[in-house]
Structures are given as C-alpha cells and as structure tokens.
Amino acid sequence: FQGALLSTLIDNIYFTEFYVGRAFDDVAMERALYGRLQGATFPAGVSVKVPEIHRLTWKPSRMADKTTIYAFAWCEGCHLDVIRADIGSVIEMIKPADISEISEDMLRAYDSREIKSASPSQFCSYNYYEAFTELLKAESKTVESYSKLKKSAITYQAAKQAVYNAFQQKGLGNWPKKTILPNF
C-alpha cells in the first residue's frame, strides 16, 4: 500500500486481527507489530491499535520446510502476481476464476522455471502513482511528481516521523533512506 497517496483519499486503516501460519514467539510478534511504537506521540487522528493475533494450525506437507525465492501477491478482484523476490519483479500474472485453483504444487513449480522476462508488479509504487495521477486528472486536480504528492500528505508524514522518532528513542536505529528516482 502506498500510505501517503492513499491517506489523501481515505481515512486511516487499522488492522484488528492478524493470522499467522507458523510458530512464533508472542513477545516478538507483539514487538514487531506494535510494541516498538507504544508511547510514541502521533498527530491527532493517528494512534497505535493493538490487534488480536491468531495462530493457524495445519498439517504441513512434506515440502513445508522448503523455501522459495518467489513471493505471491493477490487481492480480491485482481490477478495473482508471481514475483521473484530477489529482483522484485513479476514473472507471471495468473487470473484464476477462483483463487482456490492455485495449488501448492503449481506454486512450487516456479522454482524450476527459467525466467525470460520480468515486469513491475501491479502493486508497485510506480503503478500506484500512475493510477493515482489518472484519478487526479479525472477530478481536474494538479498532477505533481510522486515525491511532491507524498510530501503533501501532511498528517501521514507527521505520523511517519513519529515512527522514526520512536525507533530512535528506543535505540532501534534509523529507518533506511530510499533512493528517489528523478522525475518520480
């Protein structure tokens, strides 16, 4: 999700529940999801919500411990992006009639494929920016560069700075800086 851009269109989204399908340490999971931000000072209308964390149990297949370099991104109404995680690019888009048609065997088969071409995911920053600018044009609003649009989301930027400050105050280091491409 591109938080800064979305924050100019919709209210904050807070997750109320997380479902985790692997064994995990409760304390580590709480720290990762919200614990590091407890006590941080956020702008009006922004806060830390404590979600419920649920464990999922299943009978693992014999292949459950094998890892893959592929990630799979999907949301209702969209195709499934099969992403090479090491390069961050889509190698295939699948539009199943029903997501249940996607099997473990099919996903595992990607490990043996030769990659001939790759493209950005439908969920990448650039594609969100392109869709966002089309929305601005349709509403006869000024289209700015990606970085200017992000900076114009004042509440979002203040909340993001509060996260950075909370991490620094707790000795957790600095958030890494991204390289911004020219004209983006």
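Helices here are DSSP runs of at least four residues, numbered from the N terminus.

**Entry 1: confidence.** I noted that the model is predicted. I looked up the confidence and found that the chain averages a pLDDT of 76, with 68% of the residues scoring at least 70. Confidence is lowest in helix H3 (residues 104–108), at a mean of 59, and highest in helix H6 (residues 154–169), at 92.

**Entry 2: a loop residue.** I located Ser-140 in the loop between helix H4 (125–138) and H5. Its phi is near 55 degrees, a positive value in a residue other than glycine. Most residues other than glycine have a negative phi.

**Entry 3: helix H6.** I recorded 16 residues in H6 and a reach of 22 Å from its first C-alpha to its last, close to the 22 Å expected. Its buried residues are Gln-157, Ala-159, Ala-162, Val-163, Ala-166 and Phe-167. Helix H1 (3–7) and helix H5 (146–151) are included in what covers them. Just after H6, I found Gly-171 with a positive phi of about 70 degrees.

**Entry 4: nonpolar cores.** I looked up the largest nonpolar core and listed its 8 residues: Leu-37, Phe-42, Val-46, Ala-159, Ala-162, Val-163, Ala-166 and Phe-167. Another core, of 6 residues, lies apart from it and has Leu-5, Tyr-129, Tyr-146 and Leu-149 among its members. In soluble globular proteins, nonpolar side chains tend to be buried together. For Leu-37, leaving out residues up to four places away in sequence, I noted contacts with Phe-42, Val-48, Val-163, Ala-166, Phe-167 and Lys-170.

Conventions. Residues numbered from 1 in each chain as written. Predicted model: local features only at pLDDT ≥ 70, side-chain atom pairs only at ≥ 80, totals over all residues. Heavy atoms only, no water. pLDDT = per-residue confidence, 0-100. Helix = DSSP H or I, 4+ residues; strand = E, 2+ residues; numbered from the N terminus. Expected span 1.5 Å × (residues − 1). Buried < 20%, exposed > 50% of the residue type's maximum accessible area, 1.4 Å probe, protein only. Contact = heavy atoms within 4.5 Å. Core = buried A, V, L, I, M, F, W, Y, C linked by side-chain atoms within 4.5 Å.
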